Amino acid sequence: MRAAVVGAGSWGTVVAGMLARAGARTALVCRTEAQAEAIRERGVNPGVLRGVRVPASVAPTHLGDPDALRDAELIAMAVPSRATGEAVAWLADRIPAGAAVLCLTKGLDPASGRRLSQAYRDALGPEVPFAALSGPNHAEEIALGQPTAAVVAGDAALVVRVQDALAGPRFRLYPSTDLVGVELCAAAKNVIALAAGMSDGVGFGDNCKATLITRGLAEMTRLGEAYGARAATFRGLAGMGDLVATCTSRHSRNRAAGAMIARGVPADRVEAELGQVAEGIWTVRNLLGLAAAAAVELPISAEVAAATHDGKPVLACLEALMARAPAAEE
């Protein structure tokens with residue numbers, strides 16, 4: 001297989017390495033020529049996954065290279081959700097005939113509030129095979145060869161190809177037919193992880209975090225079912241699995257971002273200080289928009305939005321959740 005991974009952050013770099021080790025001729029499409037040149041010269045991606053080697057069989061290139069996607073059969077998109085519009089326009093102008101798209105991004109399209117598959121299909125047309133990969137996949141651990149599993153959902157034939165291309169002794173892939181559920185899990189879990197980080201930031205313990213994870217899963221599932229997703233998807237790797245990892249891991253950008261906000265860092269400064277993208281900050285308002293359109297209540301997500309975008313004190317947000325009217329557990 002000839003593959004290209006667009007986006008040379010930590011996850012894109014790791015997936016490019018996985019594809020190359022599995023025998024695919026793989027290009028890693030960096031944002032700048034300077035980044036591509038640095039990877040070629042040093043054998044590592046500067047500032048990304050420190051100390052982890054990029055396989056020599058990965059060919060670094062950049063967005064300005066007219067041959068960046070030359071002959072690619074599989075194009076894995078690992079760009080931040082906020083760059084979706086720019087990414088799909090760039091891809092639509094360059095995608096080779098017969099190529100398929102695998103989305104590695106976990107979020108919603110900020111410009112429209114839609115799931116990412118909808119943005120890609122609108123730009124590329126329904127004839128381009130599309131799939132999304134999600135699950136508890138911290139790149140830092142996968143880069144070290146630690147075992148994990150993931151879910152891939154989308155066009156059936158492409159799902160099988162991705163499974164064949166990426167699955168290995170330390171990376172187990174499960175196919176799914178629930179693309180809507182997998183995408184909504186990937187978007188919503190980042191928002192709940194912000195709440196978990198806020199709990200950490202104000203000094204609360206495991207009981208509070210477990211409550212946020214469990215009730216967060218309940219509201220994620222309500223939203224998914226309203227849009228035709230299966231509840232089982234939210235109990236699986238894309239839902240509960242990724243939610244637990246993102247809410248508890250030291251590698252979690254969104255958990256770290258929530259803790260920083262609770263400690264007084266303005267939300268619009270978090271990513272600059274973190275040095276990484278926290279997708280939940282970009283996702284929460286659009287997630288609430290989807291919920292409002294389907295008449296679904298997302299109380300945790302609503303308080304996260306109040307803290308990140310309206311300046312409401314984090315402790316007041318957590319207290320508001322505890323003060324909600326008594327209700328039976330769903």
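I take buried to mean under 20% relative accessible area, exposed over 50%, and partly exposed in between, with a 1.4 Å probe and protein chains only. The model is predicted: local features need pLDDT of at least 70, side-chain atom pairs count only at pLDDT 80 or more, and totals for chains, interfaces and linings use all residues. Residues are numbered from 1 along each chain as its sequence is written, and side-chain values use heavy atoms, with hydrogens and water left out.

**Entry 1: the aromatic pair**

I looked up aromatic pairs (ring centres of Phe, Tyr or the six-membered ring of Trp within 6.5 Å; planes under 30 degrees apart are stacked, over 60 edge-to-face, the rest tilted). The structure holds one. Tyrosine 120 and phenylalanine 130 form this tilted pair, 5.7 Å centre to centre with 35° between the planes. Both tyrosine 120 and phenylalanine 130 are buried.

**Entry 2: the nonpolar core**

I then looked up nonpolar cores (buried Ala, Val, Leu, Ile, Met, Phe, Trp, Tyr and Cys residues joined through side-chain atoms within 4.5 Å). The largest has 73 residues, of which Leu91 and Tyr120 touch the most other members. A second, separate core of 39 residues includes Leu19 and Leu133.

Which residues does leucine 91 touch, not counting residues up to four places away in sequence? I found Leu69, Ile75, Met77, Val101, Tyr120 and Leu124 (contact means heavy atoms within 4.5 Å).
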